[in-house]
Protein chains: 2
Amino acid sequence: MISEDDLIARFFAPIAGEGGLGLRDDAALIAIGADEELVVTSDALAAGVHFFADDPPRSIARKALRVNLSDLAAKGAKPAGFLLSLALPKNWREEWLTAFAEALGQDARGYTCPLLGGDTIQSPDALFLSITAFGTVPRGKMVPRTGARAGDRIYVSGTIGDAAAGLIMRKSAGDKPLDASARDFLVERYLHPQPRLALAPILRARASAAMDVSDGFVGDLTKMLRVSGVSATIDLNRIPLSEPMRAALAADPALFDRLLTGGDDYEILCTVAPDKSDQFEAAAKQAGIDVTAIGTATTGNDLPCFLDRNGTKRTFRRESFSHF
Amino acid sequence: MISEDDLIARFFAPIAGEGGLGLRDDAALIAIGADEELVVTSDALAAGVHFFADDPPRSIARKALRVNLSDLAAKGAKPAGFLLSLALPKNWREEWLTAFAEALGQDARGYTCPLLGGDTIQSPDALFLSITAFGTVPRGKMVPRTGARAGDRIYVSGTIGDAAAGLIMRKSAGDKPLDASARDFLVERYLHPQPRLALAPILRARASAAMDVSDGFVGDLTKMLRVSGVSATIDLNRIPLSEPMRAALAADPALFDRLLTGGDDYEILCTVAPDKSDQFEAAAKQAGIDVTAIGTATTGNDLPCFLDRNGTKRTFRRESFSHF
């Protein structure tokens with residue numbers, strides 16, 4: 001039996017940032033410069049839905065924070081801190097929470113995004129957590145999801161589909177079409193998203209619209225185009241794929257649809273006006289982040305047109321992961 | 001089957017505020033004046049822990065927002081908006097969500113605290129929700145929990161214990177020592193907290209420390225004194241009680257300990273320097289909020305001394321509600 005205050009003092013106070021007032025208050029303060037705006041985002045994760053209850057606590061902590069940092073990166077924001085709501089199942093163990101808090105603290109320091117506060121409650125059953133992350137942008141400079149214009153080039157960062165393949169590997173431990181290192185790479189991509197924060201200032205300077213790919217490339221792209229009031233033509237042959245993903249595809253070509261709709265990529269999808277695309281590519285290269293032009297935004301409200309390697313139009317039965 | 005976007009567009013977009021960008025982005029923007037600071041607070045609620053799964057959806061929505069507004073009030077902050085993380089059980093029904101969103105929208109308008117965004121996911125089992133609320137204070141003016149000084153008068157707003165008694169009534173529908181209207185009053189106090197936002201500017205101007213009473217008066221007071229580095233003497237005879245609470249106590253005097261430790265009051269507990277207490281009382285009266293002086297902060301780190309009507313020192317076996 002431990003009180004909530006003792007639990008916070010023991011596990012979370014050591015990793016808290018200054019604005020969190022040592023986590024001894026009901027609230028936290030966020031300092032914002034006069035020429036800045038605050039970007040806020042919230043992502044919830046539940047055991048059995050977003051991760052496996054027996055995933056390592058360090059991985060759960062990292063994923064919970066990083067999916068929020070990925071949203072901040074897509075908006076062009078610099079992390080300023082976060083709040084954690086944690087519902088612990090009755091049978092929580094001290095070693096579990098120690099590892100969870102340690103990894104969260106490491107990421108908070110690594111991404112300069114301090115823990116400012118939150119709430120810890122007992123869950124009636126499964127582990128559930130929700131993180132609200134704060135970021136700052138120069139006033140008026142948040143990169144919207146709605147700004148794509150016909151003629152813009154469409155880019156994605158990194159590689160697509162690794163996490164979806166990693167999830168399949170994670171589920172089917174017995175079935176091993178890949179060598180161990182390829183498999184480990186894909187599972188690692190599923191467990192530990194890499195928020196593309198180095199891209200944030202570049203998006204602010206050059207992108208017309210951006211979002212992170214979290215629920216599947218096809219569905220997320222469709223979403224961004226719809227709210228921007230444009231369509232697009234996408235060259236599926238240009239979708240960037242990792243070597244392990246190519247190996248997995250060689251073993252099972254049917255994976256292709258899964259990787260485009262599976263979710264958990266946490267890569268940046270953005271649009272850039274043609275006259276800014278050279279500068280965008282050069283700046284991304286300088287920042288050490290791969291970006292790939294995969295198509296062009298077009299006029300109209302049609303669903304995006306996906307062309308395969310033969311120039312044949314493709315549709316997807318299921319565009320993205322959906323809870324409902 | 002409904003997509004998360006359709007669910008948001010249908011139930012939540014109609015109640016969203018401007019900074020929420022129509023809930024069509026991953027993030028929201030919060031505007032803060034150059035002379036202001038942002039106060040953030042987060043409270044999580046789970047079915048079966050903080051409310052009954054069969055409580056009316058309108059009541060669950062109101063309670064989830066109001067417990068956060070209560071924290072803002074205690075910090076002297078003015079509401080600026082909120083994010084909602086909602087984990088819906090698989091068997092969620094349209095009528096339920098319609099009623100939930102309507103009541104949330106009514107409160108958001110009533111308290112001028114717009115919905116700015118959030119996340120909606122499927123829960124593996126129970127309903128779970130977490131609200132992060134934002135408020136603004138003039139720079140440097142947040143009322144801390146840590147500022148109580150020896151000699152300060154200790155005040156509470158409203159009446160204490162109604163919600164704890166209401167919860168007991170809610171649980172024991174068969175046992176009816178009270179008349180229906182007294183019973184309804186207490187259950188209403190449990191279901192629908194009244195955040196004391198009208199007290200916020202008065203706390204900023206006059207209080208040395210404040211917090212809201214959410215986990216039980218005795219425990220929360222002890223907490224505030226401890227982080228302020230003081231002790232206190234409390235006159236239990238001065239604890240403000242409602243008429244229905246007095247009737248319930250007459251029927252069952254053993255309730256007294258429960259009401260002081262039961263939680264869910266969402267009243268303001270604060271300390272005020274003696275030379276400011278007349279102005280504090282006058283301003284609260286002007287704002288239409290009852291405040292009662294119940295004791296005095298004293299030097300030292302002892303647990304607070306609670307004196308009953310005979311001047312006998314009381315202790316409490318269990319100071320407050322705790323999850324762990």
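Three bridges join strand 1 (residues 28-30) of chain A to strand 2 of chain B, and the two strands run antiparallel; strands count as paired here if DSSP finds at least two bridges between them. Within this pairing, L29(A) stands opposite V39(B) in strand 2 of chain B. The model is a predicted one, in which local features need pLDDT of at least 70 and side-chain atom pairs count only at pLDDT 80 or more, while totals for chains, interfaces and linings use all residues. Residues are numbered from 1 along each chain as its sequence is written, and chains are lettered from A and ligands numbered from 1 in the order in which they are written.

The contact between the chains takes 58 residues from chain A and 58 residues from chain B, where two residues are in contact if their C-beta atoms, placed from the backbone, lie within 7 Å. On the side of chain B that touches chain A, strand 2 (residues 36-46) of chain B gives the most, with nine residues. That side of chain B divides into 30 nonpolar, 14 polar and 14 charged residues; Ala, Val, Leu, Ile, Met, Phe, Trp, Tyr, Cys and Pro count as nonpolar, Asp, Glu, Lys and Arg as charged, and the others, Gly among them, as polar.

Turning to chain A itself, its secondary structure comes to 10 helices and 12 strands, which are DSSP runs numbered from the N terminus (helices are H or I with at least four residues, strands are E with at least two). The C-alpha atoms of chain A fill a box of roughly 65 × 55 × 35 Å, taken along the principal axes.

Strand 3 (residues 78-88) of chain A pairs with strand 4 of chain A in the parallel sense over seven bridges, and S85(A) stands opposite D119(A) in strand 4 of chain A.

The helices of chain A can be followed in pairs. Helix 2 (residues 57-74) of chain A and helix 3 (residues 94-110) of chain A pack at an angle of about 40°, with their axes 7 Å apart; axes are lines fitted to C-alpha atoms, for helices over the stretch in contact, and angles run from 0 to 180 degrees between N-to-C directions. Helix 2 of chain A and helix 3 of chain A are therefore oblique to each other, given that angles under 35 degrees count as roughly parallel, over 145 as roughly antiparallel, 65 to 115 as roughly perpendicular and the rest as oblique. The residues of this contact between helix 2 and helix 3 of chain A divide into nine nonpolar, no polar and four charged.

Helix 5 (residues 180-191) of chain A packs against helix 8 (residues 243-251) of chain A at an angle of about 110°, with their axes 9 Å apart, and these two helices are therefore roughly perpendicular to each other. Their contact is made by A182(A), F185(A) and L186(A) of helix 5 of chain A and by P244(A), A247(A) and A248(A) of helix 8 of chain A. By class, this contact has six nonpolar, no polar and no charged residues.
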